[in-house]
Amino acid sequence: MHGATALTVQDVTRRIQTTLGGEWPPAGPDGFKAGDPNTPVKGIAATAMATMDVLKQASKAGTNLVITYEPTFFGRHDGPAPPPASGVAVDDPVYKAKKEFIEKAGLVIFRLRDHWQARKENDMVAGLAESLGWTKYRVAPDDVLYDIPAATAEDIVALIRKRLNLRGGLRAVGDRKARVRRVLLHPGVMAPATMWQRYAETDLIVAGEVREWENTHYAADIYTAGEKRGLVTIGRVASEDPGMRACAAWLEMLVKEVPARWITAGDLYWRAA
Amino acid sequence: MTGREVVDLIKKNVGVPWNDRSYRDTFKLGNPDSTVKGIATTVMVTFDMLKRANQAGLNMVISHEDTFWNDRDETKDLTANPLYRMKTQYALKNDMIVWRIHDHMHAMHPDYTVVGSLRSVGVKGGEDAVMRARVYTIPETTLGEFASQVKRLTGSRAFRCVGDPKAKVSRILLGPGYATPRMTAEADVVIGGEQQEADGGFDDVEYVADAASLGMAKGLIMLGHVISEQPGMEDLAKWIGTFIQGIPIQFVPAEEPFWT
């Protein structure tokens with residue numbers, strides 16, 4: 001055993017905070033979102049988004065601390081918020097049912113985004129590369145470029161879909177038959193300026209999400225201009241999922257007293273028949 | 001007639017006070033005082049659409065969305081960008097004019113982007129729709145069947161759905177483009193163009209996925225920006241034709257950019 005008193009959730013999150021360092025302001029996105037921090041911890045689950053499906057799996061697996069990269073309660077307010085904020089209503093049926101499930105199952109939710117992505121190891125990108133089987137192709141010292149075995153865009157898209165278990169969330173722009181070798185990985189949201197600056201050095205950008213009237217429009221115009229570059233968006237959460245598998249592995253090293261595991265949020269989208 | 005004269009007539013007929021502070025609804029390319037040979041309306045003035053408009057002899061493009069891949073059409077970081085130069089030079093060489101109408105279209109009664117989008121997915125009764133979304137009732141069906149109908153009617157290849165395909169639905173709440181409405185108690189299905197997937201003002205994707213997981217009948221259909229907001233630009237062309245005659249006025253669609 002690990003001593004007279006059981007390790008609590010708060011003991012674990014304090015260890016996370018001390019190890020990652022930096023400021024943890026109460027108004028920032030990172031911190032507790034639901035549950036009692038004094039709960040003895042039985043196991044830890046890391047996920048890109050604490051959806052109901054993820055929480056059900058966490059509970060079933062006997063893990064009671066859920067570390068999530070994205071919000072739990074449907075937006076940046078992560079719960080009810082007074083006007084003019086547009087958080088979920090306090091009596092919303094989905095909010096109430098989710099909160100009730102968390103309480104009944106004795107789960108505790110802790111959001112970890114800013115401090116996880118600030119790590120110099122850049123695990124969000126490295127984790128995505130690992131899931132794609134591209135770790136060894138990294139173009140050092142750049143964090144985000146990978147020279148993969150050349151193939152057509154459509155073959156690479158098929159490979160991405162298979163390795164990430166995607167359903168309906170993936171959408172591609174550009175020439176299906178273009179030869180792809182240099183890929184830029186950008187989990188999460190890609191801004192227009194990033195694309196303007198870096199598209200020319202890549203054959204394919206794999207991003208989480210973009211704004212369609214900005215980056216997608218740019219990729220479509222590059223295609224019209226005759227350049228053989230592509231853009232693939234796989235979904236924000238799907239793109240962040242592998243980085244949280246890396247987080248689970250990190251937590252396993254940091255908290256040896258209890259098991260830590262990754263629970264995939266998966267691809268939430270499907271396509272019409 | 002010049003580009004400027006076309007815009008003056010639009011301002012006179014738009015039916016709402018003109019807001020000169022709108023950074024969106026301005027000339028983006030070309031000489032406003034060039035003679036207009038024909039007008040092309042479109043949702044997105046892509047390079048491909050620009051070329052097709054020119055080939056059709058339509059040298060004035062009226063676009064709902066941006067020209068230079070950012071909402072403000074800010075070009076100071078693009079002056080050395082080869083694509084920016086190519087697109088700009090193509091337009092100037094062919095004496096084309098690009099003008100954007102976004103904010104005022106959404107203020108119009110009706111808002112043609114909403115009218116067109118409702119029509120395109122087969123929801124009836126939206127002929128007078130405005131930007132503020134309201135719920136429309138359709139005969140009860142399943143989310144999966146409704147999504148198949150949307151696919152058939154719009155011809156879209158790449159739109160995305162969330163929720164249980166077997167859920168029974170009849171109450172539809174639609175907002176085109178980036179104006180995807182938040183799910184409410186009064187709606188079963190939200191239809192939008194695009195929206196930030198998570199960590200936004202209200203995350204429909206997670207909400208609908210969780211509702212489905214809890215056995216509540218909710219659905220989300222994200223059509224994509226072009227597919228969702230484009231149909232109303234045909235209505236806009238017809239509307240412009242009610243006060244500008246003597247030159248061709250055509251809807252020139254942008255292509256759905258995606259394959260899957």
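Two strands are said to pair if DSSP finds at least two bridges between them. Helices (H or I, at least four residues) and strands (E, at least two) are DSSP runs, numbered from the N terminus.

This is a predicted model, in which local features need pLDDT of at least 70, side-chain atom pairs count only at pLDDT 80 or more, and totals for chains, interfaces and linings use all residues. Residues are numbered from 1 along each chain as its sequence is written, while chains are lettered from A and ligands numbered from 1 in the order in which they are written.

**View 1. An open five-stranded sheet in chain B.** The strand order is β5-β7-β8-β9-β6 (chain B), with mixed pairing. At the edges sit β5 and β6 (160-163) of chain B, each pairing on one side only.

**View 2. A closer look at β6(B) and its neighbour.** Strand β9 (residues 219-222) of chain B runs antiparallel to β6(B), and four bridges join them. Look for C161(B), whose bridge partner in β9(B) is I221(B).

View 3. Just past the helix, G122(B) adopts a positive phi of about 85°.
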